[in-house]
There are 2 protein chains.
Amino acid sequence: MQIAVLLYDRFTALDAIGPFDTLGRLSGAEVVFVSERPGPVRTDSGALALVADRGLDELTRPDIVVVPGGPHPELEMENPAVVDWLRAVDATSTWTTSVCTGSLLLAAAGLLKGRRATSHWLYLDRLTAFGAEPTGERVVYDGKYVTAAGVSSGIDMGLGLLGRIAGDEYAQTVQLMTEYDPQPPYDAGSPDKAPAEIVARLRAVSPLDGR
Amino acid sequence: MQIAVLLYDRFTALDAIGPFDTLGRLSGAEVVFVSERPGPVRTDSGALALVADRGLDELTRPDIVVVPGGPHPELEMENPAVVDWLRAVDATSTWTTSVCTGSLLLAAAGLLKGRRATSHWLYLDRLTAFGAEPTGERVVYDGKYVTAAGVSSGIDMGLGLLGRIAGDEYAQTVQLMTEYDPQPPYDAGSPDKAPAEIVARLRAVSPLDGR
C-alpha cells in the first residue's frame, strides 16, 4: 500500500500533515511525499520547507493520493505537470483525496465532474465551474473520491478513511495515540459559527473568492 | 516577535505543525525551524523530513519557543546541546511551550520544577521525576510555560496562545481560516473515552510508559 502526498510551492503544511499523521499511520503503508521536482518545497508563509523525496515521474501507481491545498491553488491548477500526474495516478488509485483547496486541483484535472465535493469554505463555489457539486459537509465521500474542507479537516478525513480501510478499532487506536480529543478555545471554526464580521472581512479580502 | 520551533530526529510532525499553522499565523511574527544542525530532520516514521533552516547556535533570543514531542524523547532529554539551548533561550523567552512529550525535554532542562504541566497521556507520569506536577488537562498554563497533551493538542494550544497574545478576534479569524471545527469520526481521543482494551493494549506496548 503506497500513499502519495503531493507537495507544491506555497501549500499549507497542516493540510498535508493532518492526513499524514492519521491515515499515514496505516500499518504497512509506505508514505511518499512527491513534487514536480524532488527536494525542499516551501509552505504558504515561506517559513518552512518539507522535503519531497521523489519527483512525480517516480511515482506512477500510488494506492492513495492526498492533495493538500494552499492559498494559491490557481498556480497548480494551470500546471500541466501536476494536473496530468493527478489524472494519470487517479486511473489506478484506490482512493483519490484532497484537503482544502486541493479539491480545486482534482477538479481542474477533471476528476470531480458530476461528483459531490468540498473545499475550503472561501473557495467552495469555485468547484461548480468544473462540474462538481459543492457541499457544506466537512468530509465528503463520493465513490473513491474523498474531499475535506479547510486545513484542519484533513485530520477528520484521515481518521475516517483509516477506519474504512483498516477498521474502526485501528482508527480509534490512532486517534488515541494522536490524542485527538479536540477542545478548541473558541467556536469559530466554520462560517456558520464564527462572528459574522470576521466572516465578512475574510470574504472581502480573499483574492480567490468567486463571489 | 520570533517563534522558534525545535526539530530533532524522530519528532512527530503534527506536534510541530499544529502550533505552526495557528500560533505561527501571528501577524508580524517570524517563525524559524531550528535543530542542532541545520538541514532536513526526519519525523518519527522516517517517511518525511522537515527542513530546519537554522542551527541552535544561530537562534539565541526567540520570544516564543515551541518544543514538539515524539516517541523517543529520551534521546534529546540526554542531549546537552538541546537541553542547554532550551535552558538558555528560556532565560529570555516570553512563552516557553511544548506539545506531547516535548514537555519531557523542558522538564529535563529543569524548567518545569514545581510547575503544573502535561504531556502525551502515556508519558504523563514521567514528569514527576523532574519535579513537575502532571495534570490531565489538554492545555496547561503555568506562568509563561504552556504544555499541551498528545500530538493534535498543539492546535488547541496554538489558538489559545494566539488569543492571549493577539486577542480573541484574531485567534477566531485564524480558527476560521484553518476551518478548525473538529468532527472526529470517533470519540476515542483520550484514555477516558477510548475503548478500555485499546487503552490497555497501548499501555502494554509503550516502550516508555513509566508504570
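1. Arg42(A) and Asp53(B) form a salt bridge through their side chains, with 2.8 Å from N to O. A salt bridge here is a side-chain nitrogen of Lys or Arg within 4 Å of a carboxyl oxygen of Asp or Glu. Between chain B and chain A the count is eight salt bridges.

2. On conventions: this is a predicted model, in which local features need pLDDT of at least 70 and side-chain atom pairs count only at pLDDT 80 or more, while totals for chains, interfaces and linings use all residues. Residues are numbered from 1 along each chain as its sequence is written, chains are lettered from A and ligands numbered from 1 in the order in which they are written, and side-chain values use heavy atoms, with hydrogens and water left out.

3. How many residue pairs are in polar contact between chain B and chain A? The count is 40, with both residues at pLDDT 80 or more. A polar contact is a pair of N or O atoms within 3.5 Å; within protein, one must be able to donate a hydrogen and the other to accept it, and residues adjacent in sequence count only if both atoms are side-chain atoms. The elements of chain B that give two or more residues to the side touching chain A are α1, β2, β3 (39–42), β4 (49–52), α5 (153–166), α6 (168–177) and α7 (196–205). Of these, α6(B) supplies the largest share, eight residues. Helices (H or I, at least four residues) and strands (E, at least two) are DSSP runs, numbered from the N terminus.

4. The size of an interface is often given as the accessible area lost when the parts come together. Chain B and chain A bury about 5500 Å² between them, 60% of it on carbon and sulfur atoms; buried area is the accessible area (1.4 Å probe) that two parts lose on being put together, summed over both. In chain B, the most area is lost to chain A by Leu176(B), Glu179(B) and Tyr186(B), together 15% of what that side buries. By contact (heavy atoms within 4.5 Å), 63 residues of chain B meet 63 residues of chain A.

5. Asp21(B) lies in the loop between α1 and β2 of chain B and is buried, at 0% relative accessible area. Buried means under 20%, exposed over 50% and partly exposed in between (1.4 Å probe, protein chains only). The Asp21(B) side chain reaches the backbone nitrogen of Leu14(A) at 2.8 Å. Leaving out residues up to four places away in sequence, Asp21(B) touches Thr12(A), Ala13(A), Leu14(A), Val174(B) and Thr178(B).

6. Rings of Phe, Tyr and Trp (its six-membered ring) pair if their centres lie within 6.5 Å; planes under 30 degrees apart count as stacked, over 60 as edge-to-face and the rest as tilted. One of the pairs is Trp95(A) with Tyr141(A), edge-to-face at 6.4 Å centre to centre and 80 degrees between the planes. Trp95(A) is in strand β7 (residues 95–99) and Tyr141(A) in strand β10 (residues 139–142) of chain A, so the pair ties together parts 46 residues apart in sequence. Trp95(A) is buried at 15% relative accessibility, whereas Tyr141(A) is partly exposed at 22%.

7. What sits over the ring of Tyr141(A)? The charged end of Arg164(A) does, 3.4 Å from the ring centre. The criterion is NZ of Lys or CZ of Arg within 6 Å of the ring centre and within 35 degrees of the ring normal.
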